[in-house]
Amino acid sequence: MDKKQIYLDNAATSKIKPASVREAMINYYDNIGCSPGRGGYQQSLNAGRILLEARMSFCELFNFDKPENVIFTHNITYAINMILKGMLEEGDHVITTMMEHNAIIRPLNHMINDLGIEVDFVKANEKGEVNLEDIENVIKENTRLIITTHASNVTGTILPIKEIGNLAKKKNIVYMVDSAQTAGSIEIDLKELNIDILAFTGHKGLYGPTGTGGFIIKSPVENQIYSFIQGGTGSISDKDIQPDFLPDKFESGTINTIGIAGLKAGVDSILKIGIDKIHEKKMKLTKRLIDGFLKNERIQIKGVIDIEKRVSTISIYIENYDLGMLSFELDDQYGIMTRSGLHCAPYAHKTIGTYPEGTLRFSVGYFNTEDDIDCAIRALDEILNTRSIN
Amino acid sequence: MKKIIVILTMFLLVFSLNGCKANEEVEVETQDNKEETSNEQVIYEGDNWSSSNYTTDMKGNTLNLYGVTDKVRPILDVFEEDTGIKIENLTLKNGEILQRLKNEYDSGVVIADLWFTGGADTFINAAEEGLLLQYESENGKMLDDIMKDPNNYWYGTSLTLVNWVINKDLIEENNLKMPEVWEDLLQENMKGQVSMSNPASSGTAYNVVSAILQTKGEEEGWEYLKKLIEQVPFFTARGSDPANMVVNGEAIVGINASNGDRELEINNPNIKLVYPSDGTGWWPQPVAIVNGTKNEAEAKVFVDWVISKKGMETVAESRNAAVARNDVSIPEGIQDINDIKLFPTDFQANALKRESILEAWNKCVEK
């Protein structure tokens, strides 16, 4: 008999997607299948229409007016790399935080060594909270970019992106936000927020398939970004240089159209359900999980408790316990999927005092149920009650 | 205390050769040990189950069973407790089972002995193609005609009922009338908000389409279905998708198949389950013997057992569902079919017209 599977690793990817995502991808595969922008025949136009409509859906979700400024890439790591490497030059200064994912840490460290840029990694407190003043204090004349995550993929702590954006605008610095943990889960209003570039991943809270991501860039910031990758765009093919208009400037080669078809359906589902309802349900379940953990004295929650200041990713730590083994036991005995270790964010673990062993991460999704949460709490209690300290 | 009733049946050779028979039944109580002769039919009677095919030396024998759900496993375990006959089950999709039975029959290597659970129309197709064995079980007499095949190829067990899963919050938010009859799904503001699976891949959806055509008649039926198609944004691949979509707020009404329980309502305060008052689709989960089985007697024992009172009680309890026998009580919380209106359904016609109905359906969807 099948063991019940409870997926609590939504910070890694949303395993369960709306039914419309699969249908949209099957529809592309069965009925379209052509390359967008590469022909005047109907099915190529239909493929191009998918991309345009997807850009429009993104505009609706993020309250933005220019669909052409929505750029699709292979994933958010590509999007971040395209901006960093297309924008920064020797001697430029960048401000980021200690709560970032390796998608930001690694390219920046590479560019420190390879290109000679300067980077300040602003510290956070042990709960993952970043102080705005600490960012302001490291701004220099040559600071060209501030790049932060919207919420930590380790502690779930939300960073003050509104205040950082206001600061960046005041100082005339480009501000880029990594929304991997928040897009589709928390409202991000690009008209209200002073974010110049919003990088997104397609396969997490936006419910698209893997291999999708991108960024939204506010004009005229794109003029500061060199097109890191050049190639065929299906436009002005008589010219042998990269077009400078959007989105073609940043979209060389055939787009993952089947993936974007699925991603569009995912974003449309969010619009249909309502992001406020999605957020409300996820945070209600998150609170239930936190309350369950708080009842067990051996479990330490790493990060803020207040659900107003966090997303649905919860890291826990248990003294003298092999968390990798605990994650294995949860899966093996109860079918509960979690992630242990450093979560590609070593600096965050140094900040919260869990380096190098890491934490055990539970991340709740919209498709989880109260029963999933109660099973997880019960399972963890059972395992901890039957195992002595290592 | 089990007893064996020996029914001595006298066959007259001349009648037997002509396909007719005259029976003289004499009931004789005996001990467990019995002697069989060529003209004796022996009915083994256990607690609330009986079989004219069972002998205690079948203990330890194994049958292979195909079905569409793992949830039959507890039923098979109780059967083993009662008879000592083991059953290995393999779970496949409806269409896969049909294809597999064809392949096995054509190759002469028949692996499955039994088929238990799936769409009644698929069983009918299998019978049409000679893949099932006719078997008139004595216990089948307890089933109403609608619950079994007229030619004794299959017998119904648990019942599947079509219902609507409705998101109450979205009904209120969109100022919609709570649907009661099929026509209510055509409300203007419900466009794009009705979720239904694809009748080509989902038994639930096909059952609804064919039942509506049978109930309303071809002309009026297609007129209604064309309007219904307009309300559905896309047809899902899996029968379970519509209910999930409604629970998650992606649709307002989902056409769903259930065993008659109210779990979705209990677990989700925003959900209401509705059985349309002008009738709804339904079908029995059949059981049949595979033609070419090398364990015919044991397979017959299973059919005898599963449609006996004990078997049906086990099915009702394990599957938490209403069953085809009227003398088995409905599990708590399960919809009593006497309180709702079921579409009068001709399963034979459903099966035989399947291809032409789906072809016409696809034309409507493509428009």
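A: The answer below takes the cavities in order of size. The model is predicted, so local features need pLDDT of at least 70 and side-chain atom pairs pLDDT 80 or more, while totals for chains, interfaces and linings use all residues. Residues are numbered from 1 along each chain as written, chains are lettered from A and ligands numbered from 1 in the order written, and side-chain values use heavy atoms, without hydrogens or water.

There are four cavities of 30 Å³ or more (sets of points on a 1 Å grid where a 1.4 Å probe fits but cannot get out).

The largest cavity holds about 220 Å³ of space (the volume filled by probe spheres on its points). Its lining (residues with an atom within 4 Å of a point) has 25 residues, and A:Asn10, A:Ser185, A:Lys282, A:Ser312 and A:Val364 lie nearest the centre. Helix 8 of chain A, residues 275–294, gives the most to this lining, with three residues (a helix is a DSSP run of H or I, at least four residues). Domain 1 (6–16 + 274–386) and domain 2 (19–273) of chain A each contribute at least three residues, the bounds coming from an automatic or database assignment. By class, the lining of the largest cavity has 11 nonpolar, 11 polar and three charged residues (Asp, Glu, Lys and Arg count as charged; Ala, Val, Leu, Ile, Met, Phe, Trp, Tyr, Cys and Pro as nonpolar; the others as polar).

The second largest cavity holds about 70 Å³. Among its lining residues are B:Asp121, B:Tyr206, B:Trp283 and B:Phe347. Helix 4 (120–128), helix 6 (203–216) and helix 12 (347–352) of chain B each supply at least two residues of this lining, and helix 6 of chain B has the largest share, three residues.

Technical notes: On a 1 Å grid over the protein atoms alone, a cavity is a set of points where a 1.4 Å probe fits but cannot get out, and a pocket is an open set with protein on both sides within 12 Å along at least five of seven lines; lining residues have an atom within 4 Å of a point.
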